[in-house]
Amino acid sequence: MPKIRLDGLVKRYGVLEVLHNIDLVMEENEFTVLVGPSGCGKSTTLRMLAGLDTVSEGEIYMDDRPISHLEPKDRDLAMVFQDYALYPHMNVARNMSFALKLQKCPKDEIDAKVREVAKILGLTDYLNRKPGELSGGQRQRVAMGRALTRDAGTFLFDEPLSNLDAKLRGQMRAELALMRQRVKKNMVYVTHDQVEAMTLADRIVVMHDGFIRQQGSPEELFKRPANKFVAGFLGSPPMNFMDVTLEEDGAAFHARGDGFRIALPAELAERARRKGHGDLTMGIRPSDLNYDAAAPDSTAMDLRVSISEYIGAQSVLICNCGEATVTVEVKSETPIALGETLRFAVRPEGIHLFDKTTEKAL
Ligand SMILES: Nc1ncnc2c1ncn2[C@@H]1O[C@H](COP(=O)(O)OP(=O)(O)O)[C@@H](O)[C@H]1O
Ligand SMILES: [Mg+2]
């Protein structure tokens, strides 16, 4: 399957530039997820790849061949849209085989392909049903099946789950992960849902305002976000941010904020030293703050609980620390009173520092 490369891709509508200098390499058979808030340019990127939108500047390469001058049908791609339209009068099998019939494929080849894809998607028992006799999730699977029966080298998905309710989304996400293991093809998947991105992607590309903010494996982006935007976008509940200044005393470095003074681990202290002093933003994920009344001052934050949200085994506490709002999680059985101040230990590896002006990670 081809490797795909976007090289300095720019998209303008009139004078308005909506995508700026997009550079991206997708390796063979990679599952790439473009993720970002609504309006950041995900669909536009995908549509340029598919040939449905023109490229204003830059080039798209497949296996080092430029393709932006090619018609969509000559690009060896199949696309699944957010608003899939199935043919209501055709059964599942015919919906899935329609494109192959148009291509005048031999009948037994079509039947074999439809059976193979139906098996992958768990649709074998539904081949004779009409779309009206299926659930939303099943219809979505048929829409995917329609793309998968086409023997394209690359599959493009634009928010294929966004019309489904939360439970079905979760179910389809698991099914997609399974499908992904069985179908070794390039897949480019667009979503605004960071959970979908984290669970499905080999490579996540985080977009914002027409820029790529960072790309890499889910783990890389989660553990080492390159900037405050990526840090705050991936992870749930999201990362906490607070203003700090650096204090150097002897060999040690501390981050001082409103009501806390936390020792920085050696490696982070070294990066902070190189950067010089200045105002910084400290980021800590809720999962890196542990309820611990005995934590020493140099690793602790004292948080005043203002809201407690019971969500089952865990409770999410929204707390105040000076001016900052800090979210933490505790086991539900932990006895907590609103207004109470509790001590949390900061996991040293969980401390992130960002330049307050550029928002880049140190
Ligand atoms: N046909 C168009 N004309 C003008 N602006 C457009 C057009 N299509 C999209 N845009 C703008 O381009 C930006 C990116 O849109 P889009 O790629 O659809 O975002 P996403 O899929 O990430 O939600 C948005 O600001 C949108 O308003
Ligand atoms: Mg979109």
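The request below concerns the surroundings of the ligand, and the reply then moves on to the helices and sheets.

Trainee: Which residues surround ligand 1, and which helix gives the most to the shell around ligand 1?

Mentor: Please keep in mind throughout that this is a predicted model. The residues around ligand 1 are Y13, V18, G36, S38, G39, C40, G41, K42, S43 and T44. Helix 1, which spans residues 42–50, makes the greatest contribution to this shell, with three residues. Sorted by class, the shell comprises six polar, three nonpolar and one charged residues.

From the ligand we may turn to a pair of helices. Helix 2 (residues 92–102) packs with helix 4 (residues 136–148) at an angle of about 30 degrees, and their axes are 7 Å apart. The crossing of helix 2 past helix 4 is right-handed. On the side of helix 2, the residues in contact are V92, N95, M96 and A99, and they meet V142, G145 and R146 of helix 4. The classes represented in this contact are four nonpolar, two polar and one charged residues.

One is an open sheet of five strands in the order 13-12-11-14-20, paired in the antiparallel sense. Strand 13 (260–263) and strand 20 (351–355) each have a single partner strand and stand at the edges, so one side of each lacks a neighbour in the sheet. From one strand to the next, the twist in this sheet averages 40 degrees. Within the sheet, strand 14 (residues 279–284) is joined to strand 20 by five bridges, in antiparallel pairing. One of the residues concerned is T281, whose bridge partner in strand 20 is F354.

The other sheet is also open, with five strands in the order 15-19-16-17-18 and antiparallel pairing. Here the edges are held by strand 15 (289–291) and strand 18 (324–331); each has a single partner strand, so one side of each is left without a neighbour in the sheet. The average twist from one strand to the next is 50 degrees in this case. Strand 16 (residues 300–310) and strand 19 (residues 341–346) run antiparallel and are joined by five bridges.

Methods
Residues are numbered from 1 along each chain as its sequence is written. Chains are lettered from A and ligands numbered from 1 in the order in which they are written. This is a predicted model: local features need pLDDT of at least 70, side-chain atom pairs count only at pLDDT 80 or more; totals for chains, interfaces and linings use all residues. Two strands pair if DSSP finds at least two bridges between them. Helices (H or I, at least four residues) and strands (E, at least two) are DSSP runs, numbered from the N terminus. Axes are lines fitted to C-alpha atoms, for helices over the stretch in contact, and angles run from 0 to 180 degrees between N-to-C directions. A crossing is left-handed if the near helix is turned anticlockwise from the far one by less than a right angle, and right-handed if clockwise. Two residues are in contact if their C-beta atoms, placed from the backbone, lie within 7 Å. Ala, Val, Leu, Ile, Met, Phe, Trp, Tyr, Cys and Pro count as nonpolar, Asp, Glu, Lys and Arg as charged, and the others, Gly among them, as polar. A residue is near a molecule or strand if its C-beta atom, placed from the backbone, lies within 6 Å of it.
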